[in-house]
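Thanks for coming. I will keep this short, and I would like you to have the model open while I talk.

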Amino acid sequence: MFRIAIALCLSLCAPSVGVAQPARAASTPAPVQTRPRSGLALGGGSARGLAHVGVLEWLEEHRIPVDFIAGTSIGGLVGGGYATGRSAAEVRALIETIDWDAMFRGEVAYRLKAFRRKEDRREFPVGLEFGVRDGLRLAPGLDPGHEVGLFLSRLALPYTAPLSFDDLPIPFRAVATDLEAAVPVALDRGSLAGALRATMAIPGIFAPIALGDRFLADGVLLNNVPADVARAMGADIVIAVDVGEPLGRREALTSLVAVANQAIAVMMAPRTLAVLDQYADHVIAPAVEQVPSDAWRDFDHIRQQGYDGAAAASTALADLALSPEDWARHLAARDRRRLATPVDGLAFVRVEGVDAEVAADVARYLSTADGDAPLTLASLEDRLTTVAGSGRYGSLGYDLVESDGQTGASVVVREKPHGPPFLNVALALENRGHCVSVRHAPHRL
């Protein structure tokens, strides 16, 4: 059903507009090149986007360098992980560690909820929560994105915020959609975790993200395969990877969801085709047409489809391959730009996103160490999840920050815009007398 929400959003954002590209950071001049610079544009496609990992593996095996990366949605996640200096094998290992059930659970695990929220979950197992702030309202997304946010915070380590994405080992852009201005946005600085959270904010599933003065959602709405962004970054050759959902035949359009999905694909197709035709030199299209959008557990199969898709384009890509000596120099240069793993202890914690009094209370709880031991990242994440388990906030994420030569954490608290107070509703069915009753329980946090 979340696809229906996307379709509604697209109907409001349908005008085709160009991407306004920020200038390359002056602090990071482009290196002198004696070869064409290659840009990689990784498109959105939900679980189909796991094929991007296989593409990266094939490119590395065949010594084809990537000098720039632009990614949308799942392409932003995979591309962002690679841009931090991880090898294709390390990106693969990172994806393999994901507990997809926890990632998309939509709420904090039961054992980590506050006692009252555990009672609510037992009494109202459906978990449908209304807010009654300024009238009865549903949440802007089914999943507040807490687990996703923590994963993206870990992915961004050890880079501190604010960050120019040109200073990453591979310059990077995350493409999102400004829901107020109806324009695609290529995010090039700030919080890497925040940028990835924005490009993955699927309308109807994850709530939009406020970054600066922009209100951002998933980039698939207006620029699903950002070959134009990779070109604008300075790429001479653009390799685009398209894992978008194909158009279905009329025989398959027999349900509301199927028609909504088709409407989304129809609205996205002209823009995607135009961008690829104008800006992409090579298009890799892995055979993932039959892969469901939620097939996250089929990682090995989907990754292999990406590898095979890149292999099918080997003749066209052969001219981009480096000699073994040049490839070794390329990897060494990339590794020199990669930051070392940070010291685990955090010297301080500061909290943003809520008023000063609440921020001070949350910060005191988060920075309380066990004995004299410094607060670790693992302990910080546990405490953030405990705070989220109170039900008061939507999600809590963090970035590493530097202050006075010390490394700490900047925690971003995202409040639920529809409450408090909140209202839980449950439907009870009884066979005796065909009785139907509705139970509700308001609670204020």
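I will go through the cores, the cavities, some backbone geometry and the salt bridges.

First, the ground rules. This is a predicted model, in which local features need pLDDT of at least 70 and side-chain atom pairs count only at pLDDT 80 or more, while totals for chains, interfaces and linings use all residues. Residues are numbered from 1 along each chain as its sequence is written, and side-chain values use heavy atoms, with hydrogens and water left out.

Start with the interior. By nonpolar core I mean a set of buried Ala, Val, Leu, Ile, Met, Phe, Trp, Tyr and Cys residues joined through side-chain atoms within 4.5 Å. Buried is under 20% relative accessible area, exposed is over 50%, and partly exposed is in between, with a 1.4 Å probe and protein chains only. The largest nonpolar core has 66 residues, and those touching the most other members are Leu40, Leu77, Ile95, Phe172, Leu187 and Leu317. Helix α2, residues 51-61, gives the most to this core, with six residues. Helices here are DSSP runs of H or I, at least four residues, and strands are runs of E, at least two, numbered from the N terminus. Another core, of 23 residues, lies apart from it and includes Val349, Leu384, Leu396 and Val413.

What does leucine 317 touch, leaving out residues up to four places away in sequence? Its contacts, meaning heavy atoms within 4.5 Å, are Trp58, Leu59, Ile64, Ile239, His282, Ile284 and Ala310.

Next, cavities. On a 1 Å grid over the protein atoms alone, a cavity is a set of points where a 1.4 Å probe fits but cannot get out, and lining residues have an atom within 4 Å of a point. Among the residues lining the largest cavity are Leu77, Trp100, Phe151 and Trp296. Helices α3, α5 and α7 each supply at least two residues of that lining.

Now the backbone. Most residues other than glycine have a negative phi, and most peptide bonds are trans. Two cis bonds to point out: leucine 157 to proline 158, with omega about 5 degrees, and alanine 161 to proline 162, with omega about 0 degrees. Proline 158 is in the loop between α7 and β6, and proline 162 is found in the loop between α7 and β6.

Serine 73 has a positive phi of about 55 degrees and sits in the loop between β2 and α3. Is serine 73 buried or exposed? At 7% relative accessibility, serine 73 is buried. Aspartate 404 also has a positive phi of about 55 degrees, but aspartate 404 is exposed, at 78%.

Last, salt bridges: a side-chain nitrogen of Lys or Arg within 4 Å of a carboxyl oxygen of Asp or Glu. The whole structure has 16. Aspartate 67 and arginine 35 pair at 2.8 Å, N to O, linking parts of the chain 32 residues apart, and both residues are buried. Arginine 214 and aspartate 178 also meet at 2.8 Å; arginine 214 lies in strand β12 and aspartate 178 in strand β7, so the pair ties together parts 36 residues apart in sequence. Arginine 214 is partly exposed, at 32%, whereas aspartate 178 is buried, at 5%.

Terms used: 1 Å grid on protein atoms, 1.4 Å probe; cavity = no way out; pocket = protein on both sides within 12 Å on 5 of 7 lines; lining within 4 Å.
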